[in-house]
Amino acid sequence: MSESAKDPQAHDAYRQAGVDIDAQDRALEEVKVLARGTFTPGVLTEVGSFGGLFRPDLNGLEEPVLVSSADGVGTKLMVSAMVGDYSTVGHDLVNHCVNDILVQGARPLFFMDYVGAGVLDPSKVVDLVRGVSAGCRENGCALLGGETAEMPGFYRPGDYELVGFIVGLADRQNLLDGSRVQVGDTLIALPSAGLHTNGYSLARRVFFEILGLSVESPLPGGDSTVGRRTVGQELLAPHLSYLDCISPLLGDEALHAMAHITGGGLTDNLPRSLPDGARAVVDLDSWQVPEVFQLLVGAGRVSGEEAFRVFNMGVGMVLFVAASEQERVLAHLRSMGTAPWVLGSVEQGADGEAVVYRGGSGAGH
């Protein structure tokens, strides 16, 4: 018999180094159940294979194109830890990734996730993946696989990392890359549900350091909607998916491009869908910026210019639409239960003027 077989501590060496394989296995058993609940007909492998297999339905597509993206939820995870609720950020992650490929004309096929931790708590891992699976079910994509890593010394105890990878499918003739955008096009906005998954480093500084609030504190705002919510509730508000309301418009000649308003705000994301020689003109009087952003801008002494790069300012998605078809597109979006509005238009541009803001008096409008 070997010396290691005689010594019971020899079987706990990895655990003593900070990695509990048994805890990982307990979490993964529950994760497998959650993943199976998202499976679509294209899934060909069981959870736990070295790689996930997926057979897409290519019927009706002349030239199928795969569209992929990867993202995380950033320091919104820190708010989850403060609140003690890890069940929603996984849903945010899926919705974020779905929107990213949606703007290029793709519908989601499957999703994969990565959860990293310093010390793995099976219940928290399961909560994170439960949110991911809920997002996958909502968006009709399969949670095909993922990775859970426990790395003591790399992540601090209590820290978690959540990253997602998505693959979708589009017909090449219906891809949206900005090449169809024309001067005169209308910009149609869809509202966000709050910060979504961007600007949290600044938001946490304003709420918790400058204002000295906690996640249980009611947000300043009196009898307003904001005032009836706690800081934690506001910061964990969901990142919306726009798939259901926009999917029927994919392939419609009226839809020329889209922009998902994430990190960089309107200022940095609208130009990603603009052709050379064009600029987006945003009418600041076309919507009332939600109170949470007004609060962050005022208390944080954030300039209007910076605010529109850090936060979405209440705009979650922008559609570039043929002006002659704007009323039809608006009517469709309203019929899907959304509240769209005309945000602005596309004009002939000049160097250095990709986005121009007109009207209003800054972030309060």
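In which loop does Met 313 lie? Select the stretch between α12 and β8 (315–321), and Met 313 is in that loop, where helices (H or I, at least four residues) and strands (E, at least two) are DSSP runs numbered from the N terminus. The model is predicted, so local features need pLDDT of at least 70 and side-chain atom pairs count only at pLDDT 80 or more, while totals for chains, interfaces and linings use all residues. Residues are numbered from 1 along each chain as its sequence is written, and side-chain values use heavy atoms, with hydrogens and water left out.

Stay on Met 313, which has a positive phi of about 60° although it is not a glycine. Met 313 counts as buried at 0% relative accessibility, buried meaning under 20% relative accessible area, exposed over 50%, and partly exposed in between (1.4 Å probe, protein chains only).

Next, select Arg 301, in the loop between α11 (291–299) and α12 (304–310). Arg 301 also is not a glycine and has a positive phi, of about 50°, but Arg 301 is exposed, with a relative accessible area of 79%.

Now turn to the largest nonpolar core, with 52 residues; such a core is a set of buried Ala, Val, Leu, Ile, Met, Phe, Trp, Tyr and Cys residues joined through side-chain atoms within 4.5 Å. Phe 111, Leu 162, Ile 246, Met 258, Met 317 and Leu 319 touch the most other members, and helix α5 (residues 89–102) contributes the largest share, 7 residues. Apart from this core lies another, of 46 residues, including Leu 195, Leu 270, Val 282 and Val 315.
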